[in-house]
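Please look over the protein shown here, first as a whole and then through a few of its residues. The report below is meant to be read with the structure in view.

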Amino acid sequence: MTRTRSLALLGLCLAPALARAADVDGSALSVLWGVPFAGLLLSIALLPLLAPVFWHHHFGKVAAAWALAFLLPFAAVFGPAVAGAGLVHALLAEYLPFVILLTALFTVAGGIYIRGNLHGSPGLNTALLGIGAVLASFMGTTGASMLLIRPLIRANDGRRHVAHVVVFFIFIVSNAGGSLTPLGDPPLFLGFLKGVDFFWTVRHIFPETLFLIGTLLVLFYLLDTWFYRRREDVLPADPTPDTRGIGFDGRVNFALLGAVVVLVLLSGFWKSPVVWDVAGTPVGLPGLVRDAGLIGVTLLSLWLTPRRVHADNQFSWGPIQEVAKLFAGIFLTIIPVIAMLKAGVNGPFAAIVSAVTRPDGTPDPAMYFWATGALSSFLDNAPTYLVFFNTAGGDPAALMTTLAPTLAAISAGAVFMGANTYIGNAPNLMVKAIAEDRGVKMPSFFGYMLWSGGILVPLFAVMTFLWFR
């Protein structure tokens, strides 16, 4: 189950590194090397249900145990030097940039308080989801999610049924909304760096995006209206009354949010010959400047944001700590899985890679859509996008013209289907953690998949028939 898909900003930090995965020949690996990754994902899915108290107190130790279950045998088979290089690579090139960026966005967005006595009516909720969908393509799915999830939860704190609001928020704001520009989601930014025009996606998958988001908003409004009209759904008194007018507190964080966008984009466009080699992992000057700048932005936000804003937002570090610990294990255990996927038709996943080509040798857009989407639901969508981008030829000029349906299918599958699981995209798990921290009883891992399977998968089937045949 994948992790990250967020802000295209995010893609810049992790996608190129994850695309390299490890200097191990994936075609020589057994699928058994994927057991620790699968075990960690099953732990995330099952232990909160089977042993909730144990999981709440020890999820970091569980993630560490699965990471060691991969790393120690890997060191024994391939040697401590290769294992150490893989660990350093995962830490410096993937995990630290990922956590630093998420921490900056979490802190900055947590310093913005939308005040006023918002009431979570179906109309207001639908409007907030629509606004978030628009913002996601310009400030990234992670940025839009962190900005809006708290006011949305607060607006609905006078209602008993809130989980469906957060589920649709993940569908729309944390995933589908980021499909129109390279700023919206990591795989699209990776495609942009490979030569895809900045406005190509908005020209070629806008109808699909409009259909998906529009249908989801209509379905949400109908479902939310049904809940809202049930007399027992609305509590007799507002738990958090606020007599102040609608407005923003902590507005300095809007400037800091812009600084985050500039820093990450700058590190993608700035080409510097200054590179340090750390145990085989190149560490470039632009990346160091980006990460140092993001740490500075985080500290500035904590310093400049009034304490009352954090108190009003019920800001705590619990959600980011959970994400940081779980993804530390994910980034390590996914190394052999990505390597095997990169091996293409010569690796253990050859059947998946071969399935996207028709008997006459031409690409099958429908299969590209579903293969990219299925793997993006359980692996990182950025390297998955890159694998199928290269499988389709890897020539951006051809993919944007004669093979445009194939590139559209790859792009849509990578972005849209990140909503299929909690770890299909980075903000999914973050939003879940924030909601639970605020007292919302969210669906379990498989419970969430019942929502996505019942709502998203039929919509993806319709999209396949309409656009990807």
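This is a predicted model: local features need pLDDT of at least 70, side-chain atom pairs count only at pLDDT 80 or more; totals for chains, interfaces and linings use all residues.

**Overall picture**

The protein contains 21 helices and 4 strands, and of its 469 residues, 59% count as buried.

**A nonpolar patch on the surface**

On the surface, Leu42, Leu46, Leu49, Leu50 and Phe446 form a nonpolar patch, and together they have about 470 Å² of accessible area. Helix H2, which covers residues 35-50, gives the most to this patch, with 4 residues. Phe446, by contrast, is found in helix H21 (residues 445-467). Because its relative accessible area is 37%, Phe446 counts as partly exposed.

**A residue in the interior**

Val108 belongs to helix H4, which runs over residues 80-110, and because its relative accessibility is 0%, Val108 counts as buried. Leaving aside the neighbours within four places in sequence, Val108 is in contact with Asn253, Leu256, Leu257, Val297 and Ser301. Val108 and Thr298 are 190 residues apart in sequence, yet their C-alpha atoms are 6.7 Å apart in space.

**Salt bridges**

| Pair | N to O distance |
|---|---|
| Arg159 and Asp224 | 2.9 Å |
| Arg290 and Asp291 | 2.9 Å |
| Lys432 and Glu436 | 3.1 Å |

The side chains of Arg159 and Asp224 meet in one of these salt bridges. This pair links distant parts of the chain, since Arg159 lies in the loop between helix H5 (122-155) and helix H6 (163-172), whereas Asp224 lies in helix H9 (residues 206-228), 65 residues apart. Both Arg159 and Asp224 are buried.

In the salt bridge between Arg290 and Asp291, Arg290 is buried, with a relative accessible area of 7%, and Asp291 is buried as well, with a relative accessible area of 11%.

Lys432 and Glu436 are separated by about one helical turn, because they are 4 residues apart in helix H20 (residues 426-437). Lys432 is buried, with a relative accessible area of 12%, while Glu436, at 33% relative accessibility, counts as partly exposed.

Methods. Residues are numbered from 1 along each chain as its sequence is written. Side-chain values use heavy atoms; hydrogens and water are left out. Helices (H or I, at least four residues) and strands (E, at least two) are DSSP runs, numbered from the N terminus. Buried means under 20% relative accessible area, exposed over 50%, partly exposed in between (1.4 Å probe, protein chains only). Patches are made of residues with over 30% relative accessible area and no salt bridge: like charges are joined within 9 Å, nonpolar side chains (Val, Leu, Ile, Met, Phe, Trp, Tyr) within 5 Å. Accessible areas come from the Shrake-Rupley method with a 1.4 Å probe; for residues, only the protein chains shown count as cover. A salt bridge is a side-chain nitrogen of Lys or Arg within 4 Å of a carboxyl oxygen of Asp or Glu. Contact means heavy atoms within 4.5 Å.
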